[in-house]
Amino acid sequence: MERLIAEPSAEDIVQALLEETGNTSPPTDPMTMAGYLNLRVEGYDDDNQFGLVNSRINAFLWPSKRIIGVHKKLKPKQRRFSILHEIGHFVLPGHLQSREHDEKVEDGRDNLSPWAQNILEREANQFAADCLFQLDGLEKVLRASDLSWGNIVRASELFDASIEATSRRWVERTETECGLVVFNPLDRGRPGSALGVMYTIVSRSFKQRNFAQIQPGQQFDTRSPIYRYFYGQEYLGDTPRITISVQKGTEDYGEFSMELFSNSYRLFGLLTPSN
Ligand SMILES: [Zn+2]
């Protein structure tokens with residue numbers, strides 16, 4: 001009989017690595033995973049150290065030397081995510097095969113951003129998130145909790161993940177009708193810069209009943225409570241919440257409630273239908 005050999009899925013690989021390294025309850029320890037694969041994690045902050053093309057990159061993988069480099073500027077949670085991302089490049093099928101033997105995988109400053117990435121980058125980010133949240137680990141938490149920033153913050157502490165990574169995954173995995181809208185200052189060099197919509201992620205049920213995206217680039221200035229909340233000019237209560245209306249062309253999707261959260265770098269809005 002003919003035989004075909006199935007390739008393990010990315011989830012199979014994550015599952016095996018988590019089990020082999022004893023990461024069966026949160027938080028995941030990326031260092032045990034790197035160690036298990038004989039990868040050494042090194043910090044760097046200048047080009048010459050590892051012959052980097054650009055020392056401003058966040059992280060790199062040097063497979064032939066079995067080194068993962070992480071920039072010293074990274075905060076602890078970014079560092080955890082970056083190490084897992086590089087491990088993803090190391091173990092995922094097809095990530096190293098097309099490269100020269102001694103070539104490094106150098107990951108750009110924006111590699112943690114979710115848009116405009118190539119497939120390998122998206123796969124490595126997905127791998128990192130699957131390791132961080134131990135596959136369906138977050139689903140177990142979110143099934144037992146209401147959607148709120150308070151609960152997302154608690155989950156982010158449990159998994160030692162950033163608020164952004166936790167809220168994205170929460171919205172991706174929940175059955176609740178909800179969305180996440182991420183805003184950032186359009187010009188970081190200018191104090192009080194207007195905020196713009198960066199990206200939107202919505203749950204499956206939200207997409208079925210409403211829409212998939214808020215148009216990126218829309219600006220909010222001092223006339224908007226979103227802006228005033230971000231810059232500390234308006235107090236919106238312990239659970240800051242605003243009502244917004246969403247339109248698409250001439251269609252009106254009606255009113256939504258948005259609970260706001262700021263990590264002072266970006267502003268996040270949890271979108272739910274208004275009752
Ligand atoms: Zn990468």
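1. Confidence first. In the chain, helix α2 (residues 30-36) has the highest confidence, at a mean of 98, and β4 the lowest, at 77. These values are pLDDT, the predictor's confidence in each residue, from 0 to 100. Over residues 111-116 the pLDDT is below 50, and this stretch has 6 contacts in the model beyond near neighbours in sequence. (A contact means that the C-beta atoms of two residues, placed from the backbone, lie within 7 Å.) The chain has a mean pLDDT of 90, and 94% of its residues reach 70 or more.

2. Ground rules. This is a predicted model: local features need pLDDT of at least 70, side-chain atom pairs count only at pLDDT 80 or more, and totals for chains, interfaces and linings use all residues. Residues are numbered from 1 along each chain as its sequence is written. Helices (H or I, at least four residues) and strands (E, at least two) are DSSP runs, numbered from the N terminus.

3. Domains. The chain is divided into domain 1 (10-132) and domain 2 (176-273). The bounds come from an automatic or database domain assignment. The C-alpha centres of domain 1 and domain 2 lie 31 Å apart.

4. The sheet of 4 strands. This open sheet runs β1-β3-β2-β4, with mixed pairing. β1 (40-44) and β4 (105-107) stand at the edges with a single partner strand each, so one side of each has no neighbour in the sheet. (Two strands pair if DSSP finds at least two bridges between them.) β2 (residues 59-62) pairs with β4 in the antiparallel sense over 3 bridges. F60 has E106 in β4 as its bridge partner.

5. A helix across that sheet. Helix α3 (residues 76-91) lies across β1, β2, β3 (67-71) and β4, at about 30° to β2. Axes are lines fitted to C-alpha atoms, for helices over the stretch in contact, and angles run from 0 to 180 degrees between N-to-C directions.

6. Two packed helices. How do α1 and α4 pack? Helix α1 (residues 10-20) meets helix α4 (residues 119-132) at an angle of about 40°, with their axes 10 Å apart. α1 and α4 are therefore oblique to each other. (Under 35 degrees counts as roughly parallel, over 145 as roughly antiparallel, 65 to 115 as roughly perpendicular, and the rest as oblique.) A10, E11, V14 and L18 in α1 meet E123, Q126, F127, D130 and C131 in α4.

7. The sheet of 6 strands. This open sheet has the order β7-β6-β5-β10-β9-β8, with antiparallel pairing. Its edge strands, β7 (219-220) and β8 (241-248), each pair on one side only. β6 (residues 195-202) and β7 share 2 bridges in the antiparallel sense. L195 stands opposite F220 in β7.
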